[in-house]
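Let's take a friendly walk through a protein fold, piece by piece. Keep the picture open beside you as you read.

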Amino acid sequence: MSILNKQATILKLGDINYKRNKQIILHNLNFEISSENFILMTGQNGSGKSTLLKIMAGLLKPDSFDLSYKQCVQTNSIEKKNSWSAAKKFLRQNFCYLHQTPYLFSGTVYDNIAYGLRHQGLSRSEISHKVSEALKIIALPHLGNRNSYALSGGEKQRVAIARSWVIHPAFILLDEPFANMDKHSRNSAYDIINQLKEDNIGIILTSHDPHSGELDFNRHMHLHQGGMIEKQA
Ligand SMILES: Nc1ncnc2c1ncn2[C@@H]1O[C@H](COP(=O)(O)OP(=O)(O)O)[C@@H](O)[C@H]1O
Ligand SMILES: [Mg+2]
């Protein structure tokens with residue numbers, strides 16, 4: 001049973017264009033995603049996967065966009081964000097982007113995971129409960145007191161996933177999460193990714209390897225030459 005609340009968010013993004021130094025990176029993308037989706041996003045190196053995820057997380061401003069969303073499937077009311085500053089605020093609240101080499105601040109693993117929860121004003125015991133649950137899920141229950149700098153790349157990535165899981169955004173964007181992981185780290189990352197799914201957090205996971213076979217995706221988007229095609233998941 002999840003400790004987190006469940007509410008579906010459906011987001012429509014259209015007219016996404018992004019150029020860099022006159023090079024077209026993303027061209028007229030239109031798509032809809034739901035926080036009930038588990039999406040594999042593939043594409044060769046340089047096809048624009050990280051760029052698109054950063055736009056979705058409100059970290060990079062596209063040249064054009066059209067954003068509308070529904071926060072709950074039961075209602076039909078569709079809201080729009082017309083200006084980039086309004087869209088950016090919405091995206092930052094709903095999407096959590098995880099870089100391939102995640103940034104953890106100096107301090108214990110516990111403090112890193114608890115960071116967002118402290119900002120939400122939760123009590124000490126609620127925070128402690130969620131952090132221990134998260135540590136169990138990433139199979140690092142004994143590492144709460146370790147300084148984050150003393151972790152391996154794979155462990156850091158798992159801590160970063162745990163840190164976003166506890167704050168329960170609508171979507172978590174995992175950018176090449178397995179690149180620095182050995183087999184053991186991968187297996188516990190699969191566990192936490194499955195937990196994200198159970199908690200109705202939408203996931204988009206990028207990989208330049210189209211054979212990410214161990215995860216149960218329900219959609220597959222492929223970026224190629226600035227465009228996106230939906231493939232059979
Ligand atoms: N900081 C940057 N400055 C200039 N070009 C960049 C930068 N980051 C990415 N690019 C270019 O944008 C394109 C898309 O990159 P990226 O989104 O990182 O692709 P992917 O994540 O699929 O490998 C590539 O051609 C890349 O060279
Ligand atoms: Mg990338």
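## A hairpin to start with

How many bridges join strand β9 to β10, and do the two strands run parallel or antiparallel? The count is 5 bridges, and β9 (residues 219-224) and β10 run antiparallel. Keep in mind that this is a predicted model.

Look at where β9 hands over to β10. His-224 sits opposite Gly-227 of β10. The two strands make a hairpin with 2 residues between them, and Gln-225 has a positive phi near 45 degrees.

## The mixed sheet

Now zoom out from that hairpin. β9 and β10 belong to an open sheet of 6 strands, and you can trace it in the order β6-β7-β8-β3-β9-β10. The pairing in this sheet is mixed. At the edges you'll find β6 (95-98) and β10 (227-231), each of which pairs on one side only. From one strand to the next, the twist averages 20 degrees.

One spot to look for is Tyr-97, whose bridge partner in β7 is Leu-173. If you're wondering what holds such pairs together, strands of a sheet pair through backbone hydrogen bonds, either parallel or antiparallel.

## The antiparallel sheet

There's another open sheet to find, with 4 strands in the order β2-β1-β4-β5. Here the pairing is antiparallel. Its edge strands are β2 (23-34) and β5 (79-81), and each of them pairs on one side only. Ignoring direction, neighbouring strands in this sheet are turned by 15 degrees against each other on average.

Strand β1 (residues 10-20) has partners on both sides in that order.

Two places to check are Ile-10, whose bridge partner in β4 is Lys-70, and Gly-14, which stands opposite Asp-66.

## Three helices that meet

Two packed helices are described by the angle between their axes and the distance between the axes. For helix α3 (residues 109-119) and helix α4 (residues 124-137), the angle is about 130 degrees and the axes are 10 Å apart. α3 and α4 are therefore oblique to each other. On the α3 side, the contact uses Tyr-110, Ile-113, Ala-114, Leu-117 and Arg-118, while α4 brings Ile-127, Lys-130, Val-131 and Ala-134. Sorted by class, that's 7 nonpolar, no polar and 2 charged residues.

α4 also packs against helix α5 (residues 153-167): their axes come within 10 Å and cross at roughly 135 degrees. So α4 and α5 are oblique to each other too, and their crossing is right-handed. Lys-130, Val-131, Ala-134, Leu-135 and Ile-137 of α4 meet Ala-162, Trp-165 and Val-166 of α5. This contact divides into 7 nonpolar, no polar and 1 charged.

What about α3 and α5? Their axes come within 8 Å and cross at roughly 30 degrees. Angles under 35 degrees count as roughly parallel, so α3 is roughly parallel to α5. In this contact, Val-109, Asn-112, Ile-113, Tyr-115, Gly-116 and Leu-117 of α3 meet Val-159, Ala-162, Arg-163, Val-166 and Ile-167 of α5. The tally is 8 nonpolar, 2 polar and 1 charged residues.

## Around the ligand

Which residues surround ligand 1? They are Arg-20, Ile-25, Gly-43, Asn-45, Gly-46, Ser-47, Gly-48, Lys-49, Ser-50 and Thr-51. Helix α1 (residues 49-56) gives the largest share of this shell, 3 residues. By class, the shell has 1 nonpolar, 7 polar and 2 charged residues.

Key. Residues are numbered from 1 along each chain as its sequence is written. Chains are lettered from A and ligands numbered from 1 in the order in which they are written. This is a predicted model: local features need pLDDT of at least 70, side-chain atom pairs count only at pLDDT 80 or more; totals for chains, interfaces and linings use all residues. A residue is near a molecule or strand if its C-beta atom, placed from the backbone, lies within 6 Å of it. Ala, Val, Leu, Ile, Met, Phe, Trp, Tyr, Cys and Pro count as nonpolar, Asp, Glu, Lys and Arg as charged, and the others, Gly among them, as polar. Two strands pair if DSSP finds at least two bridges between them. Axes are lines fitted to C-alpha atoms, for helices over the stretch in contact, and angles run from 0 to 180 degrees between N-to-C directions. Angles under 35 degrees count as roughly parallel, over 145 as roughly antiparallel, 65 to 115 as roughly perpendicular and the rest as oblique. Two residues are in contact if their C-beta atoms, placed from the backbone, lie within 7 Å. A crossing is left-handed if the near helix is turned anticlockwise from the far one by less than a right angle, and right-handed if clockwise.
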